[in-house]
Amino acid sequence: MGASPASGWRANIVLYAALAANLGIAVAKFVAATITGSSSMLTEGVHSVVDSGNQGLLLYGQRRARRPPDAEHPFGYGRELYFWAFVVAILIFGLGAGVSVYEGWKHIQHPEHLRDPLVNYIVLGVAMLLEGTSWGIALKEFAASKGEMGWWEAVRESKDPAGFIVLFEDSAALAGLLVAGVGIWASHAWGDPRIDGAASIAIGCILAAVAILLAREAKGLLIGERANPEVIECVRAILSSKPEIVRVNHVRTIHTAPDRIFVAVSADFEDHITMGAGETLIEAIEHELKAALPMLSSIYIRPEKAEDAPEAVAVG
């Protein structure tokens with residue numbers, strides 16, 4: 001059913017590791033690009049700056065999302081994290097991919113021969129080591145959270161975008177470093193600086209693909225996604241176990257934050273139950289649900305005849 005995310009440093013270790021790696025790498029890449037005149041190294045520097053900003057935005061989004069409910073937002077601010085995740089996807093596409101393609105095209109139109117590429121190779125090697133470390137941490141954390149689900153299924157079912165965004169960013173970064181390395185080598189070996197520009201465009205295409213994928217996932221979270229099927233089935237099972245309930249008509253859920261769920265239940269109660277007994281039963285069910293599923297932040301149980309209940313469109 002998934003556990004609630006941990007709090008504090010441990011919960012954000014993936015973001016902090018990625019932020020530290022990208023800040024250091026960005027400076028080194030820009031220095032190498034200035035010394036050697038490499039277009040792909042310049043775009044890699046921009047890529048690292050964008051990634052650093054993205055991790056900062058996700059940390060900011062997590063802090064904002066932890067604000068308690070108030071009169072204006074009775075279900076809290078949890079979904080603000082999803083907004084910032086969508087902004088991150090836009091930044092990857094607009095700044096990361098856009099600048100990479102532009103710089104590559106400019107380098108092809110006005111090629112500049114690479115100077116000694118040794119500096120680039122050293123920086124790429126260090127960047128590969130740091131990015132690989134960050135990627136390994138993100139991979140380990142995501143693998144631990146996904147349980148028995150497949151990787152793609154886990155991304156689709158995840159309600160906490162920070163983990164898979166960093167994993168995708170680091171994967172794109174490693175792919176970009178490989179492309180940059182090949183482009184710099186081929187450009188220097190064959191004496192054609194346009195190859196370096198083409199490598200920049202290829203890096204931009206990788207970033208654009210990742211951005212589109214992340215935007216699609218963030219959009220679903222922004223619109224509102226149901227809880228995992230296991231949570232819905234647990235809610236249904238607890239209600240169905242009560243002899244006073246004839247039938248559970250539907251269970252509808254929506255994530256108001258990665259670790260908070262609103263659930264609305266329509267159930268057909270026995271006709272002989274009095275109003276007072278029904279209220280007592282509903283209160284007991286709510287306590288049982290929250291004990292079994294602590295992530296249920298708001299529970300609404302509506303007594304309703306089965307024949308009067310509208311058809312449930314959502315899962316459950």
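How many salt bridges does the count come to? The structure is a predicted model, in which local features need pLDDT of at least 70 and side-chain atom pairs count only at pLDDT 80 or more, while totals for chains, interfaces and linings use all residues. Residues are numbered from 1 along each chain as its sequence is written, and side-chain values use heavy atoms, with hydrogens and water left out.

The count comes to twelve salt bridges, each being a side-chain nitrogen of Lys or Arg within 4 Å of a carboxyl oxygen of Asp or Glu. One of them joins the side chains of Arg64 and Glu80, at 3.0 Å from N to O. Arg64 belongs to helix H3 and Glu80 to helix H4, so the pair ties together parts 16 residues apart in sequence. Helices here are DSSP runs (H or I, at least four residues), numbered from the N terminus.

Helix H3 (residues 39-65) also meets helix H2 (residues 13-36): their axes come within 8 Å and cross at roughly 155 degrees. That makes H2 roughly antiparallel to H3, a term for angles over 145 degrees. Axes are lines fitted to C-alpha atoms over the stretch in contact, and angles run from 0 to 180 degrees between N-to-C directions. The contact of H2 with H3 comprises 16 nonpolar, six polar and three charged residues. Here Ala, Val, Leu, Ile, Met, Phe, Trp, Tyr, Cys and Pro count as nonpolar, Asp, Glu, Lys and Arg as charged, and the others, Gly among them, as polar.

On its other listed contact, H3 packs with helix H4 (residues 80-109) at an angle of about 170 degrees, the axes being 9 Å apart. H3 and H4 are therefore roughly antiparallel to each other. Their contact divides into 16 nonpolar, nine polar and three charged residues.

Conventions:
Helices (H or I, at least four residues) and strands (E, at least two) are DSSP runs, numbered from the N terminus. Angles under 35 degrees count as roughly parallel, over 145 as roughly antiparallel, 65 to 115 as roughly perpendicular and the rest as oblique.
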